[in-house]
Amino acid sequence: MIEKMKFLSLTAPKTEFDRVVDTYLSKYDIQLENALSELRNVKDLRPFVETNPYREEWKLAKELASHIAPEKNEKKTSGSGSSRKMSLEEAVNTIHEINDSISALNEKKDQCSARIQQLTDSLNQVAPFTQLNYDLSSILHFRCIKFRFGRIAAEYFQRFQAFVYDAVDTIMFKCQEDEEYVWLLYFTPAPCAEKVDAIYASMHFERLFLPDQYQGTPLEAAKSLKEQIQQASGDAAQADKEINDVLTKRKEDILAALDRLDRYTSNFDVRKLAACTNHDDNTFFILCGWMPEEQAKKFKAEADQDKDLFLILEAEHQDILSKPPTKMKNPRLFKPFEMFIRMYGLPDYNEIDPTILIGITYSVFFGFMFGDMGQGLCLLIGGYLLYRAKKMNLAAIISCCGFFSTIFGFLFGSIFGFEDIIDAAWLRPGEAMTNLPFIGRLNTVFVVAVALGMGVIVVTMILNIINSIRAHDPEKTWFDTNGVAGLVFYLALASVIVLFMTGHALPAGILLAVMFGIPLLVMFFKEPLTAIVEKKAQKIQGGAGMFIVQGFFEMFEVLLSYFSNTLSFVRVGAFAVSHAAMMEVVLMLAGYETGQASSVNWIVVVLGNLFVCGMEGLIVGIQVLRLEYYELFSRFYRGTGREFRPYGKNAEGK
């Protein structure tokens with residue numbers, strides 16, 4: 001079912017905007033429309049243009065809240081999750097206060113991080129030379145002797161030692177080495193420095209510069225640097241702890257402030273949909289939108305008590321530019337099937353909601369095609385438990401289908417594929433046969449499936465007529481293949497088939513002559529007839545000859561579609577027979593045909609049931625959905641509606 005909607009417009013002084021939005025729009029379900037577009041016939045309207053003065057505070061609140069770790073047992077809720085109420089001014093002051101405290105701690109933390117990086121860089125410079133047992137400050141202040149700290153590639157270092165070192169005026173001290181490099185320190189007299197430096201450079205020596213603030217040996221300097229790094233890390237960790245303490249201690253304040261600023265920001269954005277107008281010396285705002293009828297009446301009653309608010313409910317929808325949105329309201333049992341409706345497209349506001357129809361037909365067709373008491377109970381219980389745990393709509397649909405599978409399994413006398421445990425309350429799909437005139441022996445489930453399909457097609461034609469009347473479409477109401485003409489033709493066809501099958505040929509012949517010809521002629525001339533009903537001039541495109549040829553082929557297509565659509569329901573019976581055949585194969589593989597329970601391979605029985613339940617259940621589910629979309633929905637359902645999207649708190653949980 002689709003809830004009735006009311007279009008409303010509310011007017012109040014501009015200064016009351018935030019109060020009105022915060023008080024009423026967050027309380028009731030209302031889908032706002034652009035007031036400038038809806039009220040274009042009203043003079044002197046202009047946009048409501050302002051800048052949110054608290055956007056920066058809102059961003060700060062979101063940033064602070066993002067650093068709050070949720071508690072393990074805390075459930076996800078809409079909004080910030082705080083139950084505390086806070087005024088706007090209090091929220092702004094709270095955010096500034098907390099942000100100032102955390103900013104100071106963050107600055108301290110950043111200073112510690114920069115200090116750690118600086119000390120780490122120094123440690124990386126000194127670490128390769130820790131094997132040098134000499135005071136660094138003495139080396140760094142040599143005057144007559146030049147020194148160079150650096151590294152050289154391991155392969156060049158070996159060549160240097162073998163062919164060059166003994167021939168130059170230098171003293172080299174090797175410190176640390178690995179597979180790639182050797183770190184070293186060399187000394188040379190100042191007059192020879194330029195020549196020696198050139199020789200070392202030719203061997204790919206990379207010079208490293210050590211600052212002169214180090215005291216003691218490189219090992220002592222490295223130790224001192226590590227201690228300073230540890231102290232700076234402790235200071236950073238302490239600052240981080242203080243930040244977490246502030247966030248934890250002020251958690252409720254932050255969430256409450258965010259909640260208030262969230263609501264204010266959302267309310268402020270409503271200005272984009274509002275319009276302003278002047279009356280005397282005052283400025284008023286206008287908001288308009290759609291609301292469910294029951295809530296609209298409550299809103300009207302409450303608004304009448306507000307002296308600063310003026311609310312109008314439109315009685316008719318004809319003069320309103322926007323199309324009413326669709327809000328489906330179905331019994332709890334059928335709500336999961338709304339998933340299939342949304343996949344196809346929401347019903348238009350004036351259209352019949354097919355949720356209950358698809359809930360019944362989908363479940364019945366599935367049960368007919370997958371009739372097994374044991375497997376049906378598994379689907380029923382498993383789907384129900386999964387729905388309770390995960391709230392999955394598909395799980396609820398599976399549970400409903402399992403219920404009807406259980407019923408048809410009882411009617412077919414099948415439980416986990418065994419057909420000798422209980423008697424069939426109705427028939428066995430693989431054995432029941434029916435004698436039909438002109439056709440001969442035919443499986444009974446095929447006949448029942450086609451008859452069931454014909455009944456469903458008739459129902460969809462009736463629904464199409466109702467929808468077309470609501471849409472004021474005379475062609476689809478009276479002259480379409482799914483309209484009154486098509487319904488009469490199809491009912492006549494069904495009646496003729498029944499009369500011939502029961503041996504009443506003469507009544508069938510009379511009905512064939514009268515009821516077939518007239519509806520076909522009506523459908524053939526549907527365009528001129530529609531023009532007559534609508535009192536419009538109709539010009540035949542391409543002349544009378546082209547009209548007749550085109551109409552002939554359209555009639556041929558119509559007759560073919562009636563035939564193919566009806567026979568399409570044979571698959572319902574075919575799957576019922578194939579399910580019984582598949583389970584018979586499973587029992588045969590398990591050795592059940594021997595009649596001795598001791599020789600049955602129960603593992604094969606269990607695995608076979610799981611395989612059939614999974615594979616065939618999936619295939620049947622897809623095939624039934626195909627029947628719904630192509631054989632039912634295509635006849636009466638348009639699915640051109642737009643979803644009802646209310647503003648405010650109530651919208652968040654929908």
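I began with the term I needed: a pocket is an open set of grid points with protein on both sides within 12 Å along at least five of seven lines, and its lining residues have an atom within 4 Å of a point. I also noted that this is a predicted model.

Entry on the pocket. I looked up the largest pocket and found that 22 residues line it, with Val 450, Met 454, Ile 497, Met 501 and Thr 566 lying nearest its centre. The elements that each contribute two or more residues to this lining are α15 (444-470), α17 (484-501) and α20 (543-567), and the largest share, seven residues, belongs to α17. For its volume I wrote down about 660 Å³, and sorting the lining by class gave me 20 nonpolar residues, two polar ones and no charged ones.

Entry on the cavity. I then asked how many cavities of 30 Å³ or more the structure holds. I found one, and I noted about 50 Å³ as the volume of the largest cavity.

Entry on one residue. I located Asn 282 in strand β9 (residues 282-292), and I recorded it as partly exposed because its relative accessible area is 45%, which falls between the limits of 20% and 50%. From Asn 282 to Lys 4 I noted 278 residues in sequence and 35 Å in space, C-alpha to C-alpha.

Methods
Residues numbered from 1 in each chain as written. Predicted model: local features only at pLDDT ≥ 70, side-chain atom pairs only at ≥ 80, totals over all residues. Heavy atoms only, no water. 1 Å grid on protein atoms, 1.4 Å probe; cavity = no way out; pocket = protein on both sides within 12 Å on 5 of 7 lines; lining within 4 Å. Points joined across faces, edges and corners; volume = space filled by probe spheres on them. Helix = DSSP H or I, 4+ residues; strand = E, 2+ residues; numbered from the N terminus. Buried < 20%, exposed > 50% of the residue type's maximum accessible area, 1.4 Å probe, protein only. Nonpolar A, V, L, I, M, F, W, Y, C, P; charged D, E, K, R; others polar.
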